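Q: Hi! Could you walk me through this one with me asking as we go?

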Amino acid sequence: MTAHQVVTRIDGALADHYLSLVADGDEQAAAELVLGLLDDGVPAQRIIVDLIGATQARVGELWAANEWSVAREHAATAAGERALAALAGRTPPVGRSGRPFRGRIALACVDGEWHGLPARMLAELLRLDGWRVDYLGASVPGRHLITHLHQTGPDAVALSCMLPTRLPRAHAAITACRAAGVPVIAGGRGFGPDGRWAQRLGAHAWAATGEEAVTRLSVDWPPPYVSDLSPDGPNLGDEEYTHLVRSRPELITTAMQRLAAAYPEADHYDQSQADSTAEDLGHIVDFLAAALYMGEPAIFLDFTRWTAEVLQARNVPPNALRAGLHLIQDQLSDFPSAADLLNRASTQIPKT
Amino acid sequence: MTALLQASFLTEAGHRLSASLNTRRVVRTTVELAVTHLADAAVVVRPAHRRQSAWTRLAPGNQIEEGTLRESLLAEVPGLTEALGGFPPIPSRWLDPAQAPAWLVPASLGPIGALLVVPLPGNAEPAGALILARGGPDAVFTPEDEMLARVFAARAGTAIAAAVLYQEQVEITAVLQADLLPPELPRVDGIELTGSYQAAREALRIGGDFYDVFTPDDDNTDTVIALGDVCGTGPEAAVLTGKIRQTLRALRLVGTGPEQMLHVLNKALQQSGRQSRFVTLVVGSVTRSDHGRVRLDLATGGHPPPLILRTDGTVEEAPVSGTLIGVLPKTVVRPATVELAPGELCLMFSDGLTEARGGPAGSEQYGEERLRQALSSCRGIPGAAAVERIRQLVSDWSHGGHSDDIAMLAVRAPTRTPLSLRGGGAATPSPWAIPDRPPRPRP
């Protein structure tokens with residue numbers, strides 16, 4: 001048995017060790033490691049951001065590079081959540097007489113958004129900064145969020161969105177929060193590079209990271225009231241978007257029927273492979289819809305570029321993706337923006 | 001203020017005051033609006049409750065402040081007792097600002113030049129009083145100002161009163177709901193328990209599905225788990241789930257086994273006289289057995305059989321069956337015993353899971369086959385991660401539009417961590433194979 005070595009800093013070796021623990025889904029060891037660091041005097045904020053958060057980012061990369069399975073990614077995420085919960089159980093809220101002093105904040109992931117860990121980390125960071133935090137969970141339906149606002153009257157809503165496909169729902173949630181008089185801070189990659197879409201959707205502020213959100217909320221909050229009555233609000237979504245969302249089931253069903261003709265390998269798909277393909281076609285339609293809703297081609301082009309890379313890591317030929325794009329495009333000949341976007345996406349996919 | 005400005009002020013006031021049903025927020029909005037359009041400083045004082053009055057104020061150079069004061073102090077503010085008593089407001093010129101107590105507004109305002117106190121009319125009783133103050137020796141409230149303040153106060157009072165009413169209802173609902181929410185699961189040594197509950201989208205957070213866990217006590221060494229589905233959704237169904245959970249808890253205390261529990265519950269429901277109220281249920285007695293294994297004695301009544309995930313990834317159905325509870329005078333129960341090796345998992349679920357409609361065409365049921373595949377992909381991962389993954393897959397399937405309650409309860413025999421990992425030794429190779437299906441795009 002070796003003497004206990006006091007660790008005061010999160011370095012590469014420690015991060016690697018922690019990654020190996022969550023990689024095995026060893027929740028208990030991960031939690032023990034985190035609590036040990038806390039005992040050694042490492043600030044809770046650093047553990048959350050530099051260890052739990054940074055590791056989660058690596059987990060995502062490992063999955064994208066096909067080094068980890070989805071199941072393993074889930075196990076690692078669960079271990080991260082457990083470690084975070086252990087840490088939360090150990091750190092009392094700060095503030096005068098140990099009570100929150102900043103105000104109350106409601107934290108939610110947008111409807112359909114299942115990436116709960118980043119929001120949970122933010123909840124913890126805000127609590128450590130003296131906020132009373134109500135974490136409403138992953139995938140919070142809009143009306144549950146609004147009911148909560150009326151019941152508790154918080155000083156802010158922090159809304160997390162990691163996927164641009166949820167932007168229309170994020171828009172609905174933000175609009176409803178504004179109508180209820182509660183200012184919104186948006187966070188997460190779903191709001192685009194530099195959060196450029198957050199403001200268009202009506203958010204009062206945007207933060208790239210949990211730490212940024214804590215800083216932003218610590219000064220000049222709430223922001224001054226701005227009337228929503230002005231007629232020149234953002235005008236999002238058009239008839240192409242509406243058509244795409246409405247006809248989603250038919251688009252996918254038809255594409256699946258024509259799949260084997262366009263992509264002969266699909267002839268031998270079993271049920272599970274067919275389900276996955278239908279799901280992937282669904283993603284194409286959803287990202288296309290989000291791009292049309294926001295009027296932002298980048299949403300769709302980034303998605304297809306990223307998908308091509310992920311497929312390449314799994315030895316799926318780029319033709320499979322191209323076939324999928326064409327199958328959708330063929331059904332959208334009357335919708336110029338959508339067809340044009342599909343065409344652009346298809347030309348940027350590598351030939352082989 | 002011109003008529004046009006007045007109209008736009010009252011429009012904005014109506015819009016903002018009606019936006020929230022939260023008392024605190026409506027009151028804060030009231031002082032904000034009052035300071036923007038009517039006075040230099042504004043205080044809302046709410047009627048005394050247990051001899052304390054809550055107040056909210058906004059003055060120049062300050063954030064909104066909130067607090068409470070003793071009822072006896074209210075009389076120090078000229079005109080306040082009358083306003084809170086529901087009497088017509090006293091004209092400003094009759095109120096001597098010099099008599100206003102020092103605590104009323106912060107010193108930053110300077111001496112109060114003019115004071116106006118108007119009632120905030122509520123539901124048959126005042127919702128509070130609005131105190132407006134203007135600084136400077138020449139300050140006055142003209143009769144036009146007073147009229148505008150009264151019109152504004154009428155709107156603010158209505159909004160506050162509605163919010164108060166709503167809060168009262170919310171508090172009652174919360175109390176009634178508290179017992180019907182799924183329980184926080186206890187930690188049981190050597191058994192991993194995970195629960196998940198999603199109420200139907202349109203409903204409250206409660207519904208007809210439920211689960212419960214009863215930990216070992218002085219007389220019983222086993223852990224009893226139950227998951228069930230009462231016909232129907234919403235509060236009506238939820239109330240019955242509360243009764244069933246309590247019945248099961250009592251039966252457990254007298255040492256009744258799963259099979260007998262179902263028989264007794266069947267009789268109890270039949271005798272309760274409510275028509276067409278039935279439930280499907282799975283009950284299990286969970287004990288630890290040798291070598292980290294977990295043993296489940298299961299009995300079901302009309303419920304989908306639990307699925308068991310084995311170490312090699314195969315998924316089996318627990319060989320149990322039984323008839324609906326609460327319909328027939330005599331229920332038939334065929335119990336079974338299941339053993340889980342470390343890492344194996346037994347999933348109990350309500351049919352809202354397999355019947356979730358969605359998929360590419362939008363109307364296809366998720367189905368047992370997909371559930372089996374999803375479960376199979378959870379090989380080797382902790383129970384919490386497995387349940388979360390299935391929950392996510394089903395939600396993706398139904399695009400979040402599930403119309404029925406979904407409950408899941410997983411029992412897992414924990415894996416023991418290889419000792420080499422504790423000391424930071426070389427990690428064992430991953431037990432998880434990379435799936436050979438195309439991945440789900442997810443940037």
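A: Happy to; first a definition: two strands pair if DSSP finds at least two bridges between them. Strands (E, at least two residues) and helices (H or I, at least four) are DSSP runs, numbered from the N terminus. This is a predicted model, where local features need pLDDT of at least 70, side-chain atom pairs count only at pLDDT 80 or more, and totals for chains, interfaces and linings use all residues. Residues are numbered from 1 along each chain as its sequence is written, with chains lettered from A and ligands numbered from 1 in the order in which they are written.

Q: Great. In what order do the strands of the open sheet in chain B come?
A: The order is 6-19-16-11-12, 5 strands with antiparallel pairing. Strand 6 (192–198) and strand 12 (315–317) of chain B are at the edges with a single partner strand each, so one side of each has no neighbour in the sheet. From one strand to the next, the twist averages 20°.

Q: How many bridges join strand 11 to strand 12 of chain B?
A: There are 3 bridges between strand 11 (residues 307–309) and strand 12 of chain B, which run antiparallel. Leu307(B) is opposite Glu317(B) of strand 12.

Q: And which strands does helix 8 of chain B lie across?
A: Helix 8 (residues 367–376) of chain B lies across strand 11, strand 12 and strand 16 (345–349) of chain B, at about 25° to strand 11. Angles run from 0 to 180 degrees between N-to-C directions, and axes are lines fitted to C-alpha atoms, for helices over the stretch in contact. Helix 9 (residues 383–397) of chain B also packs on the sheet, touching strand 6, strand 16 and strand 19 (406–412) of chain B. Contact here means C-beta atoms, placed from the backbone, within 7 Å.

Q: Switching topic: how many residues does each chain give to the contact of chain B with chain A?
A: Chain B gives 47 residues and chain A gives 57. Helix 9 of chain B contributes the most to its side, with 6 residues.

Q: Now chain A: at what angle do helix 3 and helix 5 of chain A pack?
A: Helix 3 (residues 44–64) and helix 5 (residues 116–128) of chain A pack at about 175°, with axes 10 Å apart. Helix 3 and helix 5 of chain A are therefore roughly antiparallel, the word for angles over 145 degrees. Among the residues making this contact are Ile48(A) and Ile52(A) of helix 3 and Met121(A) and Leu125(A) of helix 5.

Technical notes
Two residues are in contact if their C-beta atoms, placed from the backbone, lie within 7 Å. Angles under 35 degrees count as roughly parallel, over 145 as roughly antiparallel, 65 to 115 as roughly perpendicular and the rest as oblique.
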